[in-house]
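This briefing sets out selected features of one protein model, grouped by topic. Please consult the sequence and the structure as displayed here.

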Amino acid sequence: MRKLNEEMVTEKELYEWLVNLGIDDYTVIEHPPLFSVEDVIDNDCLMPGLNFKNLLIKDKKADKYYLVIIEDRRHMESKHYKSFTGWGKIRFAHPDELYEKMALRPGSVSPYGLLNNEERDIVVVVDRSIREADDEELINFHPNRNTATLTVKKFQFVRFLESLGNPIIWEPSDID
């Protein structure tokens, strides 16, 4: 089990990871702490491009974790996701599980936290809007803290995701 202050990937190391992947034109915007989509709207922090919320879900029976990347204004319908992930009875991961698996705290969940998932056992479920977006579309996520937003292009985000080695499930376009 990961302990508080146990070594984790720093924000600087995240940016170095991106540069090593040839992603050096990212932008980082500082802002007040944002814990929800409502906070984004209330603080006028909606960034150009695609914006997402990230949910760490646990399949209780299979003892398996899923990082669900979902467009910020969508609701996660578990039956919809079950149809292409195959998960069983699910729940949101508890804060201690989130920290153990990704070294993140609630409100800061981000795909960039997968750098801390050394076991590469979190399945990443990616919203169809990312797959359907143009390669140059801007994609926004927290850089593992909720006081900034890191923006990259879609093709760069896909490159980052694929570099990790976690299983990836792309949400199909043809189901609702």
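The buried residues of helix α6 are K154, Q156, F157, V158, F160, L161 and L164, where buried means under 20% relative accessible area, exposed over 50%, and partly exposed in between (1.4 Å probe, protein chains only). Helices (H or I, at least four residues) and strands (E, at least two) are DSSP runs numbered from the N terminus. The model is predicted: local features need a pLDDT of at least 70, side-chain atom pairs count only at pLDDT 80 or more, and totals for chains, interfaces and linings use all residues. Residues are numbered from 1 along each chain as its sequence is written, and side-chain values use heavy atoms, with hydrogens and water left out.

**Confidence**

- The average pLDDT of the protein is 91, and 94% of the residues score at least 70; pLDDT is the predictor's confidence in each residue, from 0 to 100.
- Over residues 1-5 the pLDDT is below 50, although this stretch has 14 contacts in the model beyond near neighbours in sequence; contact means heavy atoms within 4.5 Å.
- Where pLDDT is low, the predicted coordinates should not be read in detail.

**Helix α6 and its packing**

- Helix α6 (residues 154-164) packs with helix α1 (residues 11-20) at an angle of about 105°, and their axes are 10 Å apart.
- Axes are lines fitted to C-alpha atoms, for helices over the stretch in contact, and angles run from 0 to 180 degrees between N-to-C directions.
- α1 is therefore roughly perpendicular to α6, given that angles under 35 degrees count as roughly parallel, over 145 as roughly antiparallel, 65 to 115 as roughly perpendicular and the rest as oblique.
- L14, W17 and L18 of α1 make the contact with F160, S163 and L164 of α6.
- By class, this contact of α1 with α6 has 5 nonpolar, 1 polar and no charged residues; Ala, Val, Leu, Ile, Met, Phe, Trp, Tyr, Cys and Pro count as nonpolar, Asp, Glu, Lys and Arg as charged, and the others, Gly among them, as polar.

**Strand β7 and its partners**

- Strand β7 (residues 148-153) is mostly covered, with 5 of its 6 residues buried.
- β1 (residues 27-30) pairs with β7 in the antiparallel sense over 4 bridges; two strands pair if DSSP finds at least two bridges between them.
- β6 also pairs with β7 in the antiparallel sense, over 4 bridges.
- T151 of β7 is the bridge partner of T27, and T151 is likewise the bridge partner of N140.

**L138 in strand β6**

- L138 lies in strand β6 (residues 138-141) and, at 32% relative accessibility, counts as partly exposed.
- Between L138 and V152 there are 14 residues of sequence separation, while their C-alpha atoms are 5.7 Å apart in space.
- Leaving aside neighbours within four places in sequence, L138 is in contact with P48, G49, L50, T151, V152 and K153.

**Positive phi in loops**

- N144 is in the loop between β6 and β7; the hairpin of these strands has 6 residues between them, and N144 takes a positive phi near 70°.
- N144 is buried, with a relative accessible area of 18%.
- R120 is in the loop between α4 (95-102) and β5 (122-126), and its phi is near 55°, a positive value in a residue other than glycine.
- At 21% relative accessibility, R120 counts as partly exposed.
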